[in-house]
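Let's take a walk through a protein model together, looking at what holds on to what and where the gaps are.

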Amino acid sequence: MQEVLAIFTRANIVYMLKGLLLTVEIAVTTIILSLIFGTVLAMIRNYCKGKLKIFSLLATAYIELFRCTPNLLWIYFMYFEFKGSQYFIGTMTFTVFTSAVVAEIVRGGFNAIHKGQFEGAYSQGFNFFQTMWYVIIPQTYKNIIPALLSQMTTVIKDTCFLRAVAITEFMWQSMVIVGQYCDTLPKICGVFAFMALVYFLINFALSLAVRAYQKKISVS
């Protein structure tokens, strides 16, 4: 136990937490942007009809392309095709991928809303965008909170894929510590246990916060 604890010096912990900071920055930005773009994609796919059908087809093609291909593939593609900071590459990669997943979650929420909600809003003089903003989207998000929570935790965990292109997120930094200081199995397991604990605490805290919010809005 003493040899395991010896790895967790102040310098090593700070080094790993710097990677954790990048992980959190990428994950939070990805979640926010994906909620926005995913909602827009879902609206386009679901409600662009008639002359606007082409936009629905394009949105469908985008969603199916990213949902049916591995995220790691796009990480490699973005890394080699685009130039930018680690934060930019990581955020862009996860946003274009996660937006497609979120779009399908949101679209499922849209389809669960009875069409009478639209008719009621139109009868009050709302146009389509006002109806979506004030009536449909709030109800949709209330219904899809559990699915969105699952996707948020997936984003946080999957940031570890970025180590494949040497982006210095939490797992990359932690594995550097393993390579430099861990010469025995207990030391390696100690660092892995620390990584698991950090990921668990972040996702569990997020889960508790979202559930508390869901309970609050359900009561209200």
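**Charged partners, a core and some gaps**

Start with Glu64, which makes a salt bridge with Arg67, the closest N and O atoms being 3.5 Å apart. Keep in mind that this is a predicted model. Both residues sit in helix H3, 3 residues apart, or about one turn of the helix.

Glu64 has another partner: it forms a salt bridge with Arg45, and here the closest N and O atoms are 3.3 Å apart. Arg45 belongs to helix H2 while Glu64 belongs to helix H3 (residues 53–67), so this pair ties together parts that are 19 residues apart in sequence.

Now click on Arg45. Is Arg45 buried or exposed? With a relative accessibility of 14%, it counts as buried, because buried means under 20%. Arg45 also forms a salt bridge with Glu104, the closest N and O atoms being 2.9 Å apart. Since Arg45 is in helix H2 and Glu104 is in helix H5, that pair ties together parts 59 residues apart in sequence. Glu104 counts as buried as well, at 18% relative accessibility.

How many salt bridges turn up in a search of the whole structure? The search finds 4. Through shared partners, salt bridges join Arg45, Glu64, Arg67, Glu104 and Arg107 into one network.

Next, leave the charges behind and look at the greasy side of things. In soluble globular proteins, nonpolar side chains tend to be buried together. In this model, the largest nonpolar core has 53 residues, and the ones with the most contacts inside it are Phe110, Met132, Ile136, Phe170 and Val191. Helix H5 gives the most to this core, with 12 residues. Pick Met132 and look around: leaving aside residues up to four places away in sequence, it touches Met43, Tyr47, Phe110, Phe118, Ile137 and Pro138.

Met132 shows up again in the lining of the largest pocket, along with others including Leu35, Met43, Phe129, Trp133 and Tyr141. This pocket holds about 230 Å³ of space. The elements giving two or more residues to its lining are H2 and helix H7 (128–143), and H7 provides the largest share, 6 residues. What classes of residue are in that lining? There are 10 nonpolar residues, 1 polar and no charged ones.

The second largest pocket has about 190 Å³ of space. Among its lining residues are Leu35, Tyr141, Lys142, Met152 and Tyr213. H7, H8 and helix H10 (185–219) each give two or more residues to this lining, with the largest share, 4 residues, coming from H8. By class, the lining divides into 9 nonpolar, no polar and 1 charged.

Leu35 is in its lining, as are Ile31, Ser34, Thr98, Val102, Leu148, Gln151, Met152 and Val155. Helices H2 (10–47), H5 (86–112) and H8 (145–158) each supply at least two of the lining residues, and H8 gives the largest share, 4 residues. The cavity's lining has 6 nonpolar residues, 3 polar and no charged ones.

Key:
Residues are numbered from 1 along each chain as its sequence is written. This is a predicted model: local features need pLDDT of at least 70, side-chain atom pairs count only at pLDDT 80 or more; totals for chains, interfaces and linings use all residues. Side-chain values use heavy atoms; hydrogens and water are left out. On a 1 Å grid over the protein atoms alone, a cavity is a set of points where a 1.4 Å probe fits but cannot get out, and a pocket is an open set with protein on both sides within 12 Å along at least five of seven lines; lining residues have an atom within 4 Å of a point. Ala, Val, Leu, Ile, Met, Phe, Trp, Tyr, Cys and Pro count as nonpolar, Asp, Glu, Lys and Arg as charged, and the others, Gly among them, as polar. A nonpolar core is a set of buried Ala, Val, Leu, Ile, Met, Phe, Trp, Tyr and Cys residues joined through side-chain atoms within 4.5 Å. Buried means under 20% relative accessible area, exposed over 50%, partly exposed in between (1.4 Å probe, protein chains only). Contact means heavy atoms within 4.5 Å. A salt bridge is a side-chain nitrogen of Lys or Arg within 4 Å of a carboxyl oxygen of Asp or Glu. Grid points are joined across faces, edges and corners, and a volume is the space filled by probe spheres set on the points.
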